[in-house]
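Let's take a walk through a protein together. Keep the picture open while you read, and look up each residue as it comes along.

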Amino acid sequence: MNRAWVTITACLTSLTAVAAAASSTFSAADSAAPGASPVLTASAPQVTVSPDAITLPGAPLAAPPSTAQCQAADGIACFVPDQIRDAYNLPALYAKGATGKGVTIMVVDPFGSPTIKADLATFDKQFGYNAPPNFTVITPVGAIPKFNSGNKEMVDWAGETTLDVEYAHALAPAANILLVETPAAETEGTSGFPQIVEAEEYALAHYKVGVISQSFSATEQTFKDAAQFAPLRAAYTDAESRKVTVLAGTGDAGATNYETNGVNFYSSRVSAWPATDPLVTAVGGTQLEQSGTAYESVAWNDTYNQTFTKFWTGSTKPSPYATGGGTSEFFARPSYQSGVEAVTGSHRGVPDISMSAACNGAVAVYSSYTVKGWSLACGTSEATPEFAAVVAIADQVAGHSLGVINPALYKLAAQHAAGIVDVTSGNNTVAFTSGSKQVTVKGYSAGNGYDLVTGVGTVNALLLSYELAGK
């Protein structure tokens, strides 16, 4: 399965000095500011990550399928990028010249894709889009190993990279794309997340970045304590100081997530970092429901969709495919969530906002790193670059990068700003088979106002771009 998992291995000696001994508690007072850090207690772990993107099975197609073709062939909906643009009222922004021009979206992916530039060109040609003004690929922490189509991790990351780049560009067509690749061999446990931190810090120092899109996550319970986050947060504190917005997907397993082995799921509610970090805007997932030219959003949960699970897993048994959401194990409620304390309690709640992620509503992507053709992808790996595009357009409207946008999002939500569209139905309760038993992890329900499934809601990009920009 092409879904997020992480492994916490031995402590990374080179980062040990960064974490000083202190109290092991992390109180609400410690996190009152958006950039609050956990109290340090121990050295940083070594963290390896795998991509969040879900690539649906099937032979690549010669052309992107239509919604009707997907429904007829597989019983699920699918969309092309023009439909995603329409769903979030983006064409009206483009008509105003708000296209992300002059703003750089940083996409971060281990290994990357060896064919991403050619694939994006084919994607653009298919839909009549112009190429991004600048598309730069950098490898600041070492050369990328030669692509091996027999290496599942390389193939999975290439799929992640394809989804990230194509949909960040599709929704912010005039934004620059900076793809930051790292050479981590994730299964070997030798590099992992520290390489990503180093690469992000290099890119922040050498490029004018507006927003960072990250589509990977680590279950918080796989960390020993809050202190282990400290060295791994360096890029986020750096981004905060440079007024760069950082985004991360909340994961694709609903109210649960993967255990350390990357195979089994927790049988109780868990959340994933870096989405839970107070400096990060956590992006959850919705399902778009199309009626004519109109679209409505509900919380994404394909767990009990037997048509989908049969298509994807070969079985009609429930399998956890839903938007991540819940409360942090380690981070206390930041000040910008004070108004939703009744929902989050004393802890940081996620997501903050949501966009399209459902597999019953997957999007068309083009790739050629293995076999040339069109396939379908979904997950919060879709929602995250989509929201990165909205932020890039807001940066253009404002005339400068916006930095940590969470305080603004919650203020706008409290004011019932029209750019934030409440999502009031659905949940992220999931179920899975463990041994001979079916395990259900009861999640949260969407409702009026903020919730732990879709955050403050989804977006009307035309309005939200100007609201975030203060115009």
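Let's start with a sulfur bridge: Cys 359 and Cys 378 are joined in a disulfide, with 2.2 Å between their sulfur atoms. Cys 359 sits in the loop between β16 (353-356) and β17 (362-367), while Cys 378 belongs to strand β18 (residues 373-378), so the bridge ties together parts that are 19 residues apart in sequence. The link has 80° about its S-S bond and is right-handed. Is Cys 359 buried or exposed? Its relative accessible area is 0%, so Cys 359 is buried. Cys 378 also counts as buried, because its relative accessibility is 0%.

Keep in mind that you're looking at a predicted model. How many disulfides does it have? The count comes to two. The other one pairs Cys 70 with Cys 78, and here the sulfur atoms are 2.0 Å apart. This link is right-handed too, with 90° about the S-S bond, and both Cys 70 and Cys 78 are buried. If you count the bonded cysteines along the chain, the pattern reads 1-2, 3-4.

Now zoom out for a moment. The protein chain is built with 12 helices and 22 strands. Of its 471 residues, 63% are buried. Take the contacts in the chain with a separation of 6 or more: residues 24 or more positions apart account for 79% of them.

What about the inside? In soluble globular proteins, nonpolar side chains tend to be buried together. Here, the largest nonpolar core has 89 residues, and the members that touch the most others are Leu 56, Ile 105, Tyr 167, Leu 171 and Phe 387. Helix α10 (residues 380-398) gives the largest share of this core, 11 residues. Which residues does Ile 105 have contact with, leaving aside its neighbours within four places in sequence? Among them are Ala 168, Ala 172 and Ala 175, as well as Val 211, Ala 388, Ala 389 and Ala 392. There is also another core, apart from the largest one, with 36 residues that include Met 106, Phe 193, Ile 212 and Ala 235.

Next up are the rings. The structure holds 24 aromatic pairs. Take Tyr 236 and Trp 273 as an example: their ring centres are 6.0 Å apart and their planes meet at 55°, so this pair is tilted. Tyr 236 is in helix α7 (residues 234-241) and Trp 273 is in strand β11 (residues 272-273), so the pair connects parts that are 37 residues apart in sequence. Tyr 236 and Trp 273 are both buried. They also belong to one aromatic cluster, whose members include Trp 157, Phe 193, Phe 216 and Phe 330.

Some rings have a charged partner over the face. Arg 85 lies over the face of Tyr 129, at 4.0 Å from the ring centre. Arg 269 lies over the face of Tyr 444, and the distance to that ring centre is 4.0 Å as well.

Our last stops are two spots in loops. Look for Thr 454 in the loop between β21 (437-441) and β22 (458-459). Thr 454 has a relative accessible area of 0%, so this residue is buried. Which residues does Thr 454 touch, not counting those up to four places away in sequence? They are Gly 285, Thr 286, Ala 299, Pro 351, Asp 352, Ile 353, Ser 354 and Val 423. Ser 354 is 100 residues away from Thr 454 along the chain, yet their C-alpha atoms are separated by 5.4 Å.

The other spot is Gly 251, in the loop between β10 (245-249) and β11. With a relative accessible area of 2%, Gly 251 is buried, because the cut-off for that word is under 20%.

Note on methods
Residues numbered from 1 in each chain as written. Predicted model: local features only at pLDDT ≥ 70, side-chain atom pairs only at ≥ 80, totals over all residues. Heavy atoms only, no water. Disulfide = S-S within 2.5 Å. Buried < 20%, exposed > 50% of the residue type's maximum accessible area, 1.4 Å probe, protein only. Helix = DSSP H or I, 4+ residues; strand = E, 2+ residues; numbered from the N terminus. Phe/Tyr/Trp six-rings, centres within 6.5 Å; stacked < 30°, edge-to-face > 60°. Lys NZ or Arg CZ within 6 Å of the ring centre and 35° of its normal. Contact = heavy atoms within 4.5 Å. Core = buried A, V, L, I, M, F, W, Y, C linked by side-chain atoms within 4.5 Å.
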